[in-house]
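Hi everyone, thanks for making time this morning. I'd like to walk you through one structure, so let me put it up on the screen.

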Amino acid sequence: MNTELNVSQSLTWRYAARRFSDKKVSQTALEQLLTMTGLSASSYGLQPYKIIVIENPKIKESLLAHSYEQKKVAANSHLLVLAADMSNVVTMVSSYMQSLAKTTGITALQQQAMRENMLASLANMDPEQQFQWASAQVNIALGTLLVSAASLGIDSCPIGGIDGRGYDEVLALPERNLRTVITVPIGYRHEDDVSANATKVRKALHELIVEI
Ligand SMILES: Cc1cc2nc3c(=O)[nH]c(=O)nc-3n(C[C@H](O)[C@H](O)[C@H](O)COP(=O)(O)O)c2cc1C
């Protein structure tokens, strides 16, 4: 598919693909998808996560044991692993402030105020709190990723049914200060993917909305 879908069309077109064809996502389309995902909103704009892109079939295979043997983890074009950034928050804020200063020309005084404000709410998190905070940001990026992929005609499946610690070990993530949150195989739907024609099951608006 060459034409990009609008948001509403993308949401209707997408589904959690359970079986992918052999067709590869091109490097250009992959970069476009990752660029779009990178535009996600995040807490203070810190984007406390990384997206690990895996094409190597052997590495994908070794993740199966940590994915309840869900075959789509190995049979796809690319496997994306979204991981929480567990590095030092003070360093994270400093590097954000540097890039903010470079990009916007914000004054030193404004920088100081922003920095203090950010650190007041973030600097005292213990590792588990940091993981929860970063995971919440990952999940926003996940939503952006799923919709962006669909807009580009790329299929995907969010997979939370994994043992994140197993992923961390296989991918040696702790040495990069990263911790797995979720994985998303991408590619193109297989013509025999039974999920492709499943009717969407969703709450009606009156079940979803609470008017106060
Ligand atoms: C956080 C999250 C975790 C999920 N984990 C799995 C999973 O482990 N395996 C799977 O086949 N689908 C998984 N899904 C896909 C959901 O089952 C699917 O999105 C849902 O049934 C709605 O269907 P649709 O996305 O096809 O519209 C997950 C979805 C989300 C958002």
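**A walk through the model**

Let's begin with helix α5, which covers residues 108–122: its 15 residues reach 21 Å from the first C-alpha to the last, close to the 21 Å expected at 1.5 Å a residue. Is this helix buried or in the open? Of the 15 residues of α5, one is buried, so the helix lies largely in the open. Please keep in mind throughout that this is a predicted model.

Now let me step back to the whole chain. The protein chain has eight helices and four strands. Reading from the N terminus, their order is α-α-β-α-β-α-α-α-β-α-β-α. Along the principal axes, the C-alpha atoms fill a box of roughly 60 × 45 × 35 Å. Of the 212 residues, 29% count as buried.

Next, a helix pair. Two packed helices are described by the angle between their axes and the distance between the axes. Here, helix α2 (residues 27–37) packs with helix α6 (residues 127–151) at an angle of about 140°, and the axes are 8 Å apart. That angle makes α2 oblique to α6, since only angles over 145 degrees would count as roughly antiparallel. The crossing of α2 past α6 is right-handed.

Most residues other than glycine have a negative phi. In the loop between α2 and β1 (49–54) we find Tyr44, with a positive phi of about 60° although it is not a glycine. Gln47 lies in the loop between α2 and β1, and its phi is positive too, about 45°. How do they sit in the fold? Tyr44 is partly exposed, with 15 other C-beta atoms within 10 Å, whereas Gln47 has 20 C-beta neighbours inside 10 Å and counts as buried.

On to the ligand. Which residues surround the ligand? They are Tyr15, Ala16, Arg18, Gln70, Cys157, Pro158, Ile159, Gly160, Gly161, Ile182 and Lys200. By class, that shell holds six nonpolar, three polar and two charged residues.

Last stop: Glu211, in the segment after α8 (205–208). Glu211 is exposed, with 4 other C-beta atoms within 10 Å. From Glu211 to Leu33 there are 178 residues in sequence and 36 Å in space, C-alpha to C-alpha.

That's my tour, and I'm happy to go back to any part of it.

Notes
Residues numbered from 1 in each chain as written. Predicted model: local features only at pLDDT ≥ 70, side-chain atom pairs only at ≥ 80, totals over all residues. Near = placed C-beta within 6 Å. Nonpolar A, V, L, I, M, F, W, Y, C, P; charged D, E, K, R; others polar. Helix = DSSP H or I, 4+ residues; strand = E, 2+ residues; numbered from the N terminus. Expected span 1.5 Å × (residues − 1). Buried ≥ 20, exposed ≤ 12 C-beta atoms within 10 Å, placed from the backbone. Axes fitted to C-alpha atoms, helices over the stretch in contact; angles between N-to-C directions. Parallel < 35°, antiparallel > 145°, perpendicular 65-115°, else oblique. Left-handed = near helix turned anticlockwise from the far one by under 90°.
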